[in-house]
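Q: I've just started looking at protein structures and I get lost quickly. Could you walk me through one?

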Amino acid sequence: MTDIYLYNTKTRTKGQQFTPIDDKNVRMYVCGPTVYDRAHLGNARPVIVFDVLNRLLRHVYGDKHVTYVRNFTDVDDKINARAAESGRSIGDITDETIQWFLDDMGAVGAIEPDHMPRATAYIAPMVAMIEDLIAKGHAYAAEGHVLFSVSSYAEYGALSGRSVDDMIAGARVEVAPYKRDPMDFVLWKPSDADTPGWDSPWGRGRPGWHIECSAMAHDLLGAQFDIHGGGNDLTFPHHENEIAQSKCAGHDFANVWLHNEMLQVEGKKMSKSLGNFFTVRDLLDQGVSGEVIRLVMLSTHYRKPMDWTETKRKEAEKTLSDWMSVLQKHGYSAKTVEILKAAGDWAADAELMGVLGNDLNTPGALARLHVLSKGRTAEALAPFAHGLETLGLVSDWSAAEASASDGDDLEDWIAPVIDRLLVERSTARADKNWGEADRLRDLLNAAGVQVTDIAGEASWAQGPDFDPSVLEALK
RNA sequence: GGCGAGUUGGUAGAGUGGUUAUGCAGCGGAUUGCAAAUCCGCGUACACGAGUUCGAUUCUCGUACUCGCCUCCA
């Protein structure tokens, strides 16, 4: 049994071993995207981080004993704005964006959560929760709005380590005439005729952002659950407000709070103004595989800022290529894995799982994978292969087998040309005509073709700079 | 201004109160006609100052610098 230790934002320690409320149903809620556009690279980080945790929990407690919920926020002013400027319906935009998100996150190896609730499908529970908060004196209606009264919850600020006084003193908070206190936040706000809205006791309107997660988590996971995750920019105000609402509604809410650090690009915050803003889809379209994106993400601990760089992308490509070569060399395929499973050789490496269980130390786990990859037999490599699967770097062994073999996507003429040159080179070598042999090899190298001689037999593979146009003249 | 995180060898990046991180790059060797690939080996690090300690990169305090959040950007 792998022990799990998680750094809890609430207590700011990872001292205590993680113990689920019910080990037959370990429950985790992670804040999902607002669906109005393609997910940028930063969006992928929490998805991958919590996907690793999801996989770890399933490994430890069993696939059937984990419930993972990640929502879609499909009602939001950004969505409304997008609809207005494009002339498309909100439903079209959110449906399309949700599918994009699932496609892109699937490409980086994320398993879909058990539940992916859309906020608009949970309006009734939200209204009920707001009514309850009003009845209990924690919220009030004013001018069509319903606001949460921060002063009614003494522990407000405990998660993020802020006091209400400090925040009011230094920060810019929206002051509105209908607010009793500047820190009070919106649970419900009125909608005009052009804005999506639902009937409610306070008139036609729509929910505030924070109440969505509180209501959906309660509906799907119950009044108390194990883990709540998200990016650390959500710690305040979003998660602070979720806690306030849920606790005041009488829910115990989440035991452990996890927050991943932000992503940067080449040392700078990714932003449109700096021109270093790009989406997951942009990378995929450029030919960067989802596995490469995932490997780069895993190479930095989730609680540290992670820097996406070209250098890391290249290193990850090389690492994955090396690892796939190792597996290919030992004949790994779906069938191999089946045989290993049947023989009882398909098991997790305890050390790897231990490292992973120590607050999701994915860089440590990757280091362990490097060590495990030195295995000399298919059996000895089983923990390595198993580890790759656990980290989500290989999902389909038959696909891994195919992608490791050469020449799949090449135009028909290329392989024969290369093979012909290699035969000519072999002849030259047999004649000890080293000048000619080296000329042919240089030619292939110039095209980015890597020539490998093992036991006198020459073979080739596409290198990172593979460029078949150099071979055109030799057709 | 408030809150928080970080500063490790050429580089990326873990970790630890005394003992090898690991990858990439580099160097040496094996191998090779020479290379490549592969394998083996090597190197050196813990921002600065003070304190605690037999001993600190690891704990405590301070300093400097970097970064994030406080604005419905994950």
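Q: Let's start with one side chain: with which side chain does the side chain of His301 make a polar contact?
A: This is a predicted model, so keep that in mind as we go. The partner is the side chain of Asp359, at 3.5 Å.

Q: Where does His301 lie in the chain, and is His301 buried or exposed?
A: Look at the loop between helix H9 (290-298) and E11 for its place. His301 counts as buried, because its relative accessibility is 17% and the cut-off for buried is under 20%.

Q: How much should I trust the coordinates?
A: As a general idea, where pLDDT is low, the predicted coordinates should not be read in detail. Here chain A averages a pLDDT of 89, and 95% of its residues score at least 70. For the model, ipTM is 0.92 and pTM is 0.93.

Q: Now strands. How do I read a sheet?
A: The general idea is that strands of a sheet pair through backbone hydrogen bonds, either parallel or antiparallel. In this case, take strand E1: five bridges join E1 to strand E2 (residues 66-70), and the two run parallel. E1 also pairs in the parallel sense with strand E7 (residues 224-231), over three bridges.

Q: Which residues stand opposite Met28?
A: In E2 it's Tyr68, and in E7 it's Ile227.

Q: Why is strand E1 described as largely enclosed by the rest of the structure?
A: Because five of the five residues of E1 (residues 26-30) are buried. Val26, Met28 and Val30 point one way, Arg27 and Tyr29 point the other way, and all are buried.

Q: What do E1, H1 and E2 make together?
A: They make a β-α-β unit, with helix H1 covering residues 41-61, and the unit is right-handed.

Q: In what order do the three strands of the open sheet come?
A: The order is E10-E9-E11, and the pairing is mixed. Strand E10 (268-269) and strand E11 (306-308) are the edge strands, each pairing on one side only. Strand E9 (residues 263-265) and E11 run parallel, joined by three bridges. Within that pair, Leu263 stands opposite Met306 of E11.

Q: Which parts of RNA strand B do polar side-chain atoms of His40, Glu315 and Asn361 lie by?
A: For His40 it's a base nitrogen, 2.9 Å away. For Glu315 it's also a base nitrogen, at 3.3 Å. A polar side-chain atom of Asn361 lies 3.0 Å from a sugar or linking oxygen. Among the elements that give two or more residues to the surface near RNA strand B are H1, E9, helix H10 (310-329) and strand E12 (449-454).

How values were computed: Residues are numbered from 1 along each chain as its sequence is written. Chains are lettered from A and ligands numbered from 1 in the order in which they are written. This is a predicted model: local features need pLDDT of at least 70, side-chain atom pairs count only at pLDDT 80 or more; totals for chains, interfaces and linings use all residues. Side-chain values use heavy atoms; hydrogens and water are left out. Buried means under 20% relative accessible area, exposed over 50%, partly exposed in between (1.4 Å probe, protein chains only). Helices (H or I, at least four residues) and strands (E, at least two) are DSSP runs, numbered from the N terminus. Two strands pair if DSSP finds at least two bridges between them. A crossover is right-handed if, with the strands pointing away from the viewer, the path from the first strand over the helix to the second runs clockwise. A polar contact is a pair of N or O atoms within 3.5 Å; within protein, one must be able to donate a hydrogen and the other to accept it, and residues adjacent in sequence count only if both atoms are side-chain atoms. pLDDT is the predictor's confidence in each residue, from 0 to 100.
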